[in-house]
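Please load the model in your viewer and keep the selection panel open. The stops below each begin with something to select, followed by what is found there.

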Amino acid sequence: MTDATQGTTSAPAVETRELWKTFGEGETAVHAVQNVTVAIQPGEFVALCGPSGSGKTTLVNLIGGLTNPTRGTAKVDGRDVGAMSERERAQLRLERIGFVFQAYNLLPVLTALENAEFPLMLRGVEREERRKEVMELFEHIGLGGLQDRRPGALSGGQQQRVAVARAVLGAPALVLADEPTANLDTAASDALLEVMELLNEERKVTFIFCTHDPRVMRRARRIIRLVDGHVERDEEKASGDLPGWVLEPVGT
Amino acid sequence: MTERWVIVARIGLRNVRRQLRRSLLTASAMVLGIALLMFVRALEGGAHLMYVDTATRMGTGHIAMEHPDYRGSQDLMDRIAAPDLERILAAADRSVAAGELVAVFPQVNVGGLAQSASSSIPVRISGVDPGLERDVSFFADKMVEGRYLEVGDRLEAIVGAEVAQRLRLELGSRLVLMAAGAGGELESQLVFVTGIFRSGVPEVDRGVVQLPLATAREWLEVGEDATSVSVILASDNRTGEIASEIQGHLREGGVEAERLAVRPWWEAMPDLYAGLRADAVQTYVMLVILLAIVALAVVNSILMAVLNRTREFGVLRALGLNRTSVGAMVMVEGLVLTLASGVAGMLLGLAISMGLFRDGVDISFLFGGELAFAGSVVDPVILPAVLVSDVVAILSIVVSIGILATLYPAWHATRIEPAEAMKTDE
């Protein structure tokens, strides 16, 4: 089993410094992310919480190189994502980062299996090996027998599980997950979170979740709360605990 | 790396199927446009072959040989001497494979006057060998009264219908031909009208008289000489090559360029050649404009397909697919659509040209009767002919449309920013 931290330096898995993202200009400018400085070490299991519009999705997009910062830096494995070329960023995402998007975002022309193995295929993993990995994970998360269905023939929850499988297969160093359990029932959520915890513990995969889900926050070992684009609270905790402040209204 | 292109191609191909109705509509525009281009070119190519066939069988041949100065001087002084005629026949034999050669014949051509009891008019007088020309002569097929010349004829002559009308000639009428002989003196020859032809080419029908070659030689005092030798080939495919070979053999045999010019029909009949070229270019220009409109439809269809999948392209980019691969995916989609429909269009055009209209297309409803053009003429029933050069040209047009129509949508797809794309509903 591969350790996701293998071959990397001792740099934080993710490090942002005075990171800003502003949409628009002048009076209509919206500061989605304001002066965020955080460091997340390899193998951390972090929940990003906060009300809607607090900048969680924008922050993970900045970390994943899906959008450029207005100011400041976002580093992954010690490499400044904003300073990379488009090709380098694509390569970084392919080799080091797994994404789970809010709206599943599966490719409708591919089957569930093809969707899940897509990043592995791009990475050049042998067909037999990747199919074995996909089928094992599918069995574990309740997708057994659904591998040949196209997304249109899957329920929302099943699509989300395929999207999570796509993100975690091949054990990337970092998984950025935007509301991964939003459309899942308790059993499905738990199954997925167990898979992610296993990857986190055994392969030291770093997880950053944007979430409102207490089940996710309970399993996290660090919670960062964003309010209006800046970090309001950032605390470590024991897995299983759910600090009271997490559920309190913002500003109290 | 290979797997990456396999999946990129797979997604591209499945996307063509995904929007089946739109793909079929776009493809049908291509299919019809290319089929139309193919058919129109086949019709035009067929007509051109017929024009060339007619013109060559009127006496010029696929390859025409004459003294280099004869064309300008029209003087019997500038003629081919009998020994050179023998060398020409030997060179033609060496240059043309069995089955390629239809006929080789000498002629004596001269400008003169034709005089009847009622009037006289200027005419082009040709001394022809009926034994060699009977089976290939265009005039033999166009007799409207009487008969064509036969071996053994001596004082018989055939005249154009307008010549007969203007000189009030009938079959058996006496006709006196006058022209300058080899000695420079005006000579006259009595002949009897044995046939009247109507070629359809006005300048031929009102100004051509043919009589037996032996009679013309004797009358004009040219011995066994001739003013031209024509070679008729079974097909026009190797005309240029054979002309060069004949010329090469003649030069080896000591017949210098100053004594004999060897010309393929397009040099011997430059007006006809220029006319056919202009006709083909005009057709291509019109049809390429039509296809440009079709190409715009293809651009529109593929661009819509890209715009409707902005979010998907964003996801692909987010998952690590680089811009080149995203562009390639759209190129695959566009090229498959255009190439498949282009080839289908070519096959449909071929089926229409060589299947549906294999017996010819009667266009007399457009032009009335025969179509005269640059000194040649064709029947109004055109036999379509698909030329290899046209197939290559049309295939190139299809590939060009595919590439040009796909470039912009592909470029657009590569510009999609992942984070922005995933905010859209498309």
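By about how many helical turns are A:Glu136 and A:Lys132 separated in helix H4 of chain A? They are separated by about one helical turn, because the two residues are four apart in that helix. Select both side chains and you will find them meeting in a salt bridge at 3.5 Å, N to O, a salt bridge being a side-chain nitrogen of Lys or Arg within 4 Å of a carboxyl oxygen of Asp or Glu. A:Lys132 is exposed, with a relative accessible area of 55%, where exposed means over 50%, buried under 20% and partly exposed in between, with a 1.4 Å probe and protein chains only. Helices (H or I, at least four residues) and strands (E, at least two) are DSSP runs, numbered from the N terminus.

Before going further, note that this is a predicted model, in which local features need pLDDT of at least 70 and side-chain atom pairs count only at pLDDT 80 or more, while totals for chains, interfaces and linings use all residues. Residues are numbered from 1 along each chain as its sequence is written, chains are lettered from A and ligands numbered from 1 in the order in which they are written, and side-chain values use heavy atoms, with hydrogens and water left out.

Next, select A:Glu86 and A:Arg89, which both lie in helix H2 of chain A, three residues apart. They form a salt bridge whose closest N and O atoms are 4.0 Å apart; A:Glu86 counts as partly exposed at 22% relative accessibility, whereas A:Arg89 counts as buried at 6%.

Now move to chain B and select B:Glu333 with B:Arg309, whose side chains meet in a salt bridge of 2.9 Å, N to O. B:Glu333 lies in helix H13 (residues 323-356) and B:Arg309 in the loop between helix H11 (270-307) and helix H12 (310-318), so the pair ties together parts that are 24 residues apart in sequence. Both ends are buried, B:Glu333 at 8% relative accessibility and B:Arg309 at 5%. Salt bridges that share partners also join A:Glu86, A:Arg89, B:Arg317, B:Arg323 and B:Glu417 into one network.

For the interface, show both chains: the contact (heavy atoms within 4.5 Å) takes 27 residues from chain A and 27 residues from chain B. The area buried between them is about 2,500 Å², of which carbon and sulfur atoms give 59%; buried area is the accessible area (1.4 Å probe) that two parts lose on being put together, summed over both. In chain A, the residues that lose the most area to chain B are A:Val109, A:Met121 and A:Leu122, together 21% of what that side buries. Four salt bridges are counted between the two chains, and B:Arg14 forms a salt bridge with A:Glu114, with the closest N and O atoms 2.6 Å apart.

Finally, select helix H4 of chain B (residues 82-95), in which B:Asp84, B:Leu85, B:Ile88, B:Ala91, B:Ala92 and B:Ser95 are buried. These residues cover an arc of only 125° around the axis, which puts them on the same side of the helix, the arc being that of the directions from the helix axis to the C-beta atoms. Turn to the face directed away from that buried side, and you will find the exposed residues B:Glu86, B:Asp93 and B:Arg94. What covers the buried residues includes strand S2 (101-115) and helix H9 (239-252) of chain B.
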